[in-house]
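Student: I'd like to learn how to read a structure like this one. Can we go through it together?

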Amino acid sequence: MDTYAHTQDKPRLELVEKIEANFYKETSAKENQQSKLPEGVKITGQMILEAIRQMDADERWGLTRALFA
């Protein structure tokens, strides 16, 4: 097993790097969207509901879990 296992390491490392790059790219894009609101803007219930509607299933699950924890 030790003889040929090292040949599989490079593709795995490349995949991890791609996943990490994509994850951080999406995170920074979300942070930029959040910072578009001018200072002092009141966030309404309607805005919160619209944000929840735009969430994917995993995000909604995480929110629900956090609210009822």
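Student: Where is the place of I48?

Tutor: I48 sits in helix α2, residues 45–54. Helices here are DSSP runs of H or I with at least four residues, strands are E runs of at least two, and both are numbered from the N terminus. Keep in mind that this is a predicted model, where local features need pLDDT of at least 70, side-chain atom pairs count only at pLDDT 80 or more, and totals for chains, interfaces and linings use all residues. Residues are numbered from 1 along each chain as its sequence is written, and side-chain values use heavy atoms, leaving out hydrogens and water.

Student: How many helices and strands are there in the protein?

Tutor: There are 3 helices and 0 strands, and along the sequence the pattern reads α-α-α.

Student: How many salt bridges does a search of the whole structure find?

Tutor: Side chains of opposite charge can pair when their charged atoms come close. A salt bridge needs a side-chain nitrogen of Lys or Arg within 4 Å of a carboxyl oxygen of Asp or Glu. The search finds 1: R53 pairs with E50, with the closest N and O atoms 3.6 Å apart. The two are 3 residues apart in helix α2, so about one helical turn separates R53 and E50. R53 is exposed at 52%, while E50 is partly exposed at 36%.

How values were computed
Buried < 20%, exposed > 50% of the residue type's maximum accessible area, 1.4 Å probe, protein only.
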